[in-house]
Amino acid sequence: MSLIHQETKLNFEYYRRKFIERRIKARMIRVDCNTLEAYYGYINSTPTELDIFLDRFSINYTYFFRNWDVFEKLNNIIIECFNYKCNTLFYDFKPDPSKIKEKTKNKQKTTRKTTKYSQNGISSKRLDTNRYLLQNNYYVKKTSLHKKINNPKLNNNSIKIWSCPCATGEEPYTIAMILNNLEKQIKSFPQYKIVASDIDKAAIEKANLAVYNDDSVKETSKYFKNRYFSKKREHYGDKYFLTEEIKRKVDFFCEDITKGHQNRWKYDIILCRYLLIYFNKENREVFLKMLDRHLELGGLLILGKTETLFNTYNNFKLVDAINHIYLKIK
Ligand SMILES: C[S@@+](CC[C@H](N)C(=O)[O-])C[C@H]1O[C@@H](n2cnc3c(N)ncnc32)[C@H](O)[C@@H]1O
C-alpha cells in the first residue's frame, strides 16, 4: 500500500484506513487485480490509471442547499447581525414539496426533522422578528460577522467565507445566492468574498462551468431556482445554468487541504461539511488546528449535520447543536 501511496502523493495518513482500503479495493475489482502488488504494477503500466484512481478516490457527491436548514440558519444569523431592523425580507428555503415526498420514501428520519423545522415556522417568506427572538441566538453578537456588519468603517471589513471542500461548487454557490438575495434587499450590505477549494481538479473545472443537472437542484426551493438558474431541456434531462452574477461571486481553486491552505486570509465563516468523516482521529486534530488559524476571532465553523466535535473543543464553542456550528471564542 505504501507504494501506491507514493505514486498518488496523497496524504494517506490523514484518512481512516478503512476508507483508503475501500477506495483501493473498489479500483482493484474494477481493473481485475487480485493483489495490491498487481494493482501497483497496473498503475505503472497504465498511464491513465493514476488520474482515474485520484478521480475515484474523492467522493464529490453534493448538491445545492444540501441540508437546507443549515443554510436557512446562516441566512438568519446574517439577518440578525443587522439587529432585527429588516422585517420585510424575502426568501424561501423550503424545497419543492414533491421532492420532499421523494425524500420521505428514501430517508424517513431526515425528513421528519425537516418537517418539524418547517412546522416551527422558521421557513417563511417574511421575516418574523418575534420568532427570531424565540430562537436562542445569543452568540450572534459575538461573531466577527456582527462586528463587520455593524462597523462599516472598520479596515478590511469585507466578509470572508471559505467552503472547504467544495466538490463541484454547489455549496459555495448556495452561499453566494443567499448573500446576493440579502444584498439586494438590505441597504449598505457589506462587501463579501467567497472562496472554495477542493483536491479534485475535475470537480473544480465543473464548478467553474456551473452547469448542473436535476439532482443538483433537488433541494433548491422555487424561490432560489427561479432567480438564479436558467433551465434548458436537453436530450439526457434538464440542465440548470447558474447566472453569471452568482458565478462571479466565487473564486475556486484546487488544493490538497491536508498540505495547507494557499490563502493567508482569516475567514468569518468556514464551511467544512462531509470531509472530517474521512479523516482519522489524530489528523482531524491537526486539520482542525489549521482551520482554527484561518478563522477570525468570532468566526463560525460550520460542520453541518453529520460531523461534530465536543461542546467545547480547543478554541471552539458549540453554539448550534443541530447544524453543528462552532464559534471561535479565543
Ligand atoms: C462529499 S464532498 C463534500 C462537498 C460539500 N462540502 C458538501 O457538503 O456537499 C467531499 C469532498 O472532499 C474532497 N476532499 C477529500 N480529500 C481532500 C483533501 N485532502 N483536500 C481537499 N479536498 C478533499 C473531495 O474531493 C470531495 O469533493
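**Reading a predicted model: ligand, rings and buried residues**

In this predicted model, 20 residues surround the ligand, and the closest of them are Y15, T62, P165, D198 and D256.

Q: What kinds of residues make up the shell around the ligand?
A: The shell divides into nine nonpolar, four polar and seven charged residues.

Q: Why is Y15 called buried?
A: The relative accessibility of Y15 is 9%, and buried means under 20%, so Y15 counts as buried.

Q: How do you know whether F279 is buried or exposed?
A: F279 has a relative accessibility of 2%, which is under the 20% limit for buried residues, and therefore F279 counts as buried.

Q: Why is the aromatic pair of Y15 and F279 called edge-to-face?
A: Among the 24 aromatic pairs that the structure holds, Y15 and F279 have their ring centres 5.2 Å apart and their planes at 80°.

Q: What makes the pair of F19 and Y278 tilted?
A: The planes of the two rings stand at 35° and their centres are 4.6 Å apart; because planes under 30 degrees apart count as stacked and those over 60 as edge-to-face, with the rest tilted, this pair is tilted. F19 in helix α2 and Y278 in the loop between β7 and α14 are 259 residues apart, so that this pair, too, links distant parts of the chain. Both F19 and Y278 are buried.

Q: Which residues form one aromatic cluster?
A: The cluster is formed by F65, F71, Y91, F93, Y223, F224 and Y228.

Q: Why does N283 count as buried?
A: N283, which is found in helix α14, has a relative accessible area of 15%, and since the limit for buried is under 20%, N283 is buried. Leaving aside neighbours within four places in sequence, N283 is in contact with E13 and Y14.

Q: Why is N67 called buried, and what does N67 touch?
A: N67 lies in the loop between α4 and α5, and its relative accessibility of 8% is under 20%, so N67 counts as buried. Not counting residues up to four places away in sequence, N67 touches E219, R273, Y274 and K305. N67 and K305 are 238 residues apart along the chain, yet their C-alpha atoms are separated by 7.5 Å.

Q: What share of the protein is made up of buried residues?
A: Buried residues make up 52% of the 330 residues, in a protein that has 14 helices and eleven strands.

Note on methods: Residues numbered from 1 in each chain as written. Predicted model: local features only at pLDDT ≥ 70, side-chain atom pairs only at ≥ 80, totals over all residues. Heavy atoms only, no water. Near = heavy atom within 4 Å. Nonpolar A, V, L, I, M, F, W, Y, C, P; charged D, E, K, R; others polar. Helix = DSSP H or I, 4+ residues; strand = E, 2+ residues; numbered from the N terminus. Buried < 20%, exposed > 50% of the residue type's maximum accessible area, 1.4 Å probe, protein only. Phe/Tyr/Trp six-rings, centres within 6.5 Å; stacked < 30°, edge-to-face > 60°. Contact = heavy atoms within 4.5 Å.
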